Amino acid sequence: MYKTFSVIFSIALLSTILISCGKRTEQAATDSTSNVGIIPVPQRAYPDVSLSIVSPKEGETLKNAGDSVKIVMQVSGTELGTHTDGDSTMGIAYSKQGQHIHVIVDSKPYMADYKNGESFNIGVLTPGMHTIRAFPSFSWHESMKSLHAFATRTFYIGNPACDTSQMTNLNGPMLTYSRPKGTYATGENSKVLLDFYVSNAMLAPDQYKVKLWIDTTAMPDIVKWQPYYITGLAKGDHTVKMQLVAPDGKAVPGTYNNPNGKITIE
């Protein structure tokens, strides 16, 4: 009888410990975003910038699938490769090389182009359809949200009859993810820039909205198109997920309208 009681007591104690550990683990995961906040960035005037993609041409087929793809873009209204006037850091991560173009190939993280009108290598691409989205940014990676600052280009590698199931209506409502991106070193991580581009849609409480998740925690809906700061991120890896939502509350269809980014806080 004593042995039976001892076994039962031991099992109960072990179960309590496991449950307690599980709760602590769950609590730790919850607490990783409990102090995270999203605050609007102080507004500043955007320059009257225009960006165009010179090459490849819209719908062009590039024959050699094994070659690196090079594109050419032209910007007017701002100067690439120089620091933005004023405080070029804004107290956040910034590029020491200055202003640049964010070049997004398909759904990959953006590449930075600092040379206006010069050939820019975007690497070897798989056969099929590809899309470029591009816009200029300040030194601290905030996109310049001017009327003609955003450009797209669809082209093909190899056979233009390849699968086009991923085709997105680039003239419809579209969300383009930009920041945050990569690793944030000590001194850059107290506030992290959240920046994105909205095309062919207006954000407002009764219009389009952007839903936002930091890791698995839902944040308040974004109803104004402007940059934001993410504060309170704990050290480690994080995921930032966004989704464009129509006025009727439904997710806007399209390959690019539910993007996410992975970052590391050191």
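On a 1 Å grid over the protein atoms alone, a pocket is an open set of points where a 1.4 Å probe fits, with protein on both sides within 12 Å along at least five of seven lines; lining residues have an atom within 4 Å of a point. Keep that in mind for later.

This is a predicted model, in which local features need pLDDT of at least 70, side-chain atom pairs count only at pLDDT 80 or more, and totals for chains, interfaces and linings use all residues. Residues are numbered from 1 along each chain as its sequence is written, and side-chain values use heavy atoms, with hydrogens and water left out.

Start with confidence. pLDDT is the predictor's confidence in each residue, from 0 to 100. The chain averages 87, and 85% of the residues score at least 70. Residues 1-31 stay under 50.

Now the strands. A strand here is a DSSP run of E with at least two residues, numbered from the N terminus. Two strands pair if DSSP finds at least two bridges between them. Strands of a sheet pair through backbone hydrogen bonds, either parallel or antiparallel.

Five strands form an open sheet with mixed pairing, in the order β3-β9-β8-β5-β6. Its edge strands are β3 (61-62) and β6 (111-113), and each pairs on one side only. At the β6 end, β5 (residues 100-105) runs antiparallel to β6 and is joined to it by three bridges. There, I101 stands opposite D113.

The loop between β5 and β6 holds D106. D106 is not a glycine, yet its phi is positive, about 55°. Most residues other than glycine have a negative phi, and most peptide bonds are trans. D106 is buried, with a relative accessible area of 18%; buried means under 20% with a 1.4 Å probe and protein chains only. H141 also has a positive phi, of about 80°, without being a glycine. H141 sits in the loop between β8 (128-137) and β9 (151-157). It is buried because its relative accessible area is 9%.

Further along comes a hairpin. β13 (residues 209-214) and β14 (residues 217-222) pair in the antiparallel sense over four bridges. Two residues lie between these strands, and D215 in the turn has a positive phi of about 55°. I214 has T217 of β14 as its bridge partner.

Two peptide bonds are next. The bond from S55 to P56 is cis, with omega near 5°. P56 lies in the loop between β2 (50-55) and β3. The bond from R179 to P180 is also cis, with omega near 10°. P180 belongs to the loop between β10 and β11 (182-184).

Last, the pockets. The lining has seven nonpolar, eight polar and four charged residues. Ala, Val, Leu, Ile, Met, Phe, Trp, Tyr, Cys and Pro count as nonpolar, Asp, Glu, Lys and Arg as charged, and the others, Gly among them, as polar.

The second largest pocket holds about 240 Å³ of space. Its lining includes K145, F150, Y197 and W225. Strand β12 (residues 191-199) gives the most to this lining, with three residues.

Key
Points joined across faces, edges and corners; volume = space filled by probe spheres on them. Contact = heavy atoms within 4.5 Å. Buried < 20%, exposed > 50% of the residue type's maximum accessible area, 1.4 Å probe, protein only.
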